[in-house]
Amino acid sequence: MSALRIFRSRKYLQRILIYICLAMVLLVGVSSYTVYYNAENTVLNMQYEANQKVLSQMNYNISYMNEMIKTMATSVFFDTDMVPMMYGVEGADYFDMNRGFSKINTAVGTSSFLDSIVVYNGMSDKFYSTANMPVLSDRMYAGLRQVLEGDKPVPKMKLIPMSLQGNGVEFFSFIVYESLGDYKQGDSALILNIKSKWLFDNVKLINKLEIPDHSGIYLMDAAGTILNPEPSADLQAEELKPLLAGHIKASNQEAAYFTASSGGDKYVVTYMQTDVNGWKIVTVKPFNSILGFVTEFRTVTLISIASFLVLTVILAFFVSHRLYKPIERLMKQIKGKPGDGDEEVGTVSESDELAYLSHAYDRVYDKMSAVMQDKHARKEIVKQYYMKQILTGSEGMSEAEFAEIVQQHQLHVAVESGYRLCVIGIDRLKQFEESRSAFEKKTLRFAIMNIAEETIGSAFRIQLYDSKSDHFAVLISGEPKREGGREALIARLHELQQVIAKYYHLSLSAAVSDEFNGYSAISKHYNQTLHELKYRIIFGEKAVITPEMVAGNEDHPERHIAPEAERQFGEAIKSGNGKLMLEQLNRITDQAVQLHYDQLIHAMLRLTVILNQTFKEIASNRIRPLDMDLTGFTERVLEKETLEEMAETFRQTLTELASGMADNKDDQKTAVIVQAIKDMIDQNYVDMDLSLQKVASALKLSTSYVGKLFNSSESMSVAEYITAARLRQALKLLEEKDYTIQEVMSRSGFSSESNFYKLFKKRFGTTPKEYRVKRMLG
């Protein structure tokens, strides 16, 4: 039991054993099947060849018999002694007839296969036959007359099977007549009757040489009817006929063999087309009797295979155990080493030793990779730290300290050589920071460092630095690896920009310093190059900025936008002229590209202040406020990374403002007229003749214009507004004064009491009297 338990625990050993056994079973099985299949086909082909020889001999015998009969029939038919019998009229000379009888009796007596000869005289419609068949003559004559006078054509010089008593073929008739075409009723004919026994005994004799109890040879006519007495084969005629017909039709061959089943038994059927009357000779033999030897061979083979497999299992056990030995030793070594994750590894080892070893290898590999990565990361962190020290504090280092840092931390920096700095920045940094996960940002920074190492490092000796914020620094030292100075560096930077844009959809800008000597000047040029990178606000994304490109800006830090330009910008805004606004904005931006970076940012801030202050001034002087909100406009401008984007933000806002001011002019005019109408009604509602016509006349405007303008603005007609003003006054008088209803009505501008009551109740849901009572009680 202990050994069995150990064996069950060794999964890989079980797999080796199973695979060896399966391989041997598959090999032996396929080999045995191939041998058996070839043996079976060989035996069947040999049997077919033997059957073909037998059938060919039978075909020869039948053909030879047919030729003998044909020769004899021709000889007798054309004998002159036969003329009186065939063509003589009734009452012909007896001696002439007797010669004919003598002739046919002699022919029958000297032939072993002739049963009788019959002469049909069409002139007298009589049959004459040999003297050996007086008993069957009437039935025979009737059968022959049926053949001669039937609807079917009379076969000429062909063997016709005849069955007079309905118990099989009794004889074959061979008819000869004079006509070259079909037989015509009334023509004379010579009929030779052939013994069927003579032909069938020939077939039976050959059949005895085969397997008489289960096999047989059939003689079939063109219609598929079996002519010879049914042999002893188990495959019956009614089953054989459709099978044979179907196979001949499918194969379209005159001689072949096939297998057929009957009653659960299998048979081999061989057939051959004869040269006589379309007859077929068919042999039927039991499949097992033909393949008896092969069956015995199969049985012996199966026993041998079983014995071989038993030996295979025993041998496979020893072989697999030997193959498993190295795995077993390795398992013992690994399991003997304690470590973290032993429980997890133990669970894996229960399923498969190889899975256990693979898992153990993965654990060791992961730990080693983690150690190497950690070591590399620490080394890179230290290297980046000292690069930052060099970039920001090189002027405070001694030459010995600088050389020690470079050598100790394996920085790719030459100690005594010329230097050049390049600062690379990520365009649209805010969008980059907000749209990417921490992992994505880390990956992209790593990619930029690697690609920069490949593109720039292939031509220059460089040391990279990642600020982890908004830029990367590249310190170039020593002689270039290839020809070319700053132009070659700029070309490499453009290549870097293209690769990053294509594969990572990021835009990079860069600034390149002039070449300088002395390590102590690294910090100064780093800060200067970092400052020059800010000028991408002028040159746009993917810019590569050199000191010459910004020299005009840097040389005049005091330059600023003229106050007169700022004043004209404010006046253009107040004018509401969009075209003038944009012209003034373009004048200022054209001046801004020449400014120092700090002055440029200050100029943009000044423009936002001017726009905000002017907008507030315009809004305060309008009856109807402008439908615009400039909250956060300054932040939107400062978020832009380029001067062109800032200018575009101004253009959009100024265009919207100009459009709003143009629309508001019409609204302002409408508001003034509507307000004048309201003031006139509020002051003159007591006038009972106050109407739209009177208001329009006072304003010197047309009635239709005033009505349409007021209705469009207030969504009510002038008459409705007059009524509303009068009802407000009436309600106020009812609440505050002790006037009578008629006094309230007259002081409110109503001339009709019924109309007053109707309008009051429609507006307030009650009559004036009820309203006053409710106020007093309430």
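Analyst: What follows takes some labels one by one and sets them against their definitions.

Analyst: This is a predicted model, in which local features need pLDDT of at least 70, side-chain atom pairs count only at pLDDT 80 or more, and totals for chains, interfaces and linings use all residues. Residues are numbered from 1 along each chain as its sequence is written, and side-chain values use heavy atoms, with hydrogens and water left out.

User: Why is Val 89 called exposed?

Analyst: Exposed means over 50% relative accessible area, buried means under 20%, and partly exposed lies in between (1.4 Å probe, protein chains only). Val 89 has 55% relative accessibility, so it counts as exposed. Val 89 sits in the loop between helix H3 (83-87) and helix H4 (94-109). Helices (H or I, at least four residues) and strands (E, at least two) are DSSP runs, numbered from the N terminus.

User: What makes strand S9 mostly covered?

Analyst: Seven of the seven residues of S9 (residues 280-286) are buried. On one side these are Lys 280, Val 282, Val 284 and Pro 286, and on the other Ile 281, Thr 283 and Lys 285.

User: How do you know which strands pair with S9?

Analyst: Two strands pair if DSSP finds at least two bridges between them. S6 (residues 216-220) has five bridges to S9, in the antiparallel sense, and S8 (residues 265-273) has seven, also antiparallel. Thr 283 in S9 stands opposite Ile 217 and is the bridge partner of Thr 270. S8 and S9 form a hairpin with six residues between them, and Asn 277 in the turn has a positive phi of about 60°.

User: Why is strand S13 called largely enclosed?

Analyst: Five of the five residues of S13 (residues 508-512) are buried, so the rest of the structure largely encloses this strand. Leu 508, Ala 510 and Val 512 point one way, and Ser 509 and Ala 511 the other.

User: What makes S13 and S15 a pair?

Analyst: Two bridges join S13 to S15 (residues 544-545), and the two strands run parallel. Ala 510 stands opposite Val 544 in S15. S10 (residues 418-426) is joined to S13 by five bridges and runs antiparallel to it, with Val 423 as the bridge partner of Ala 511.
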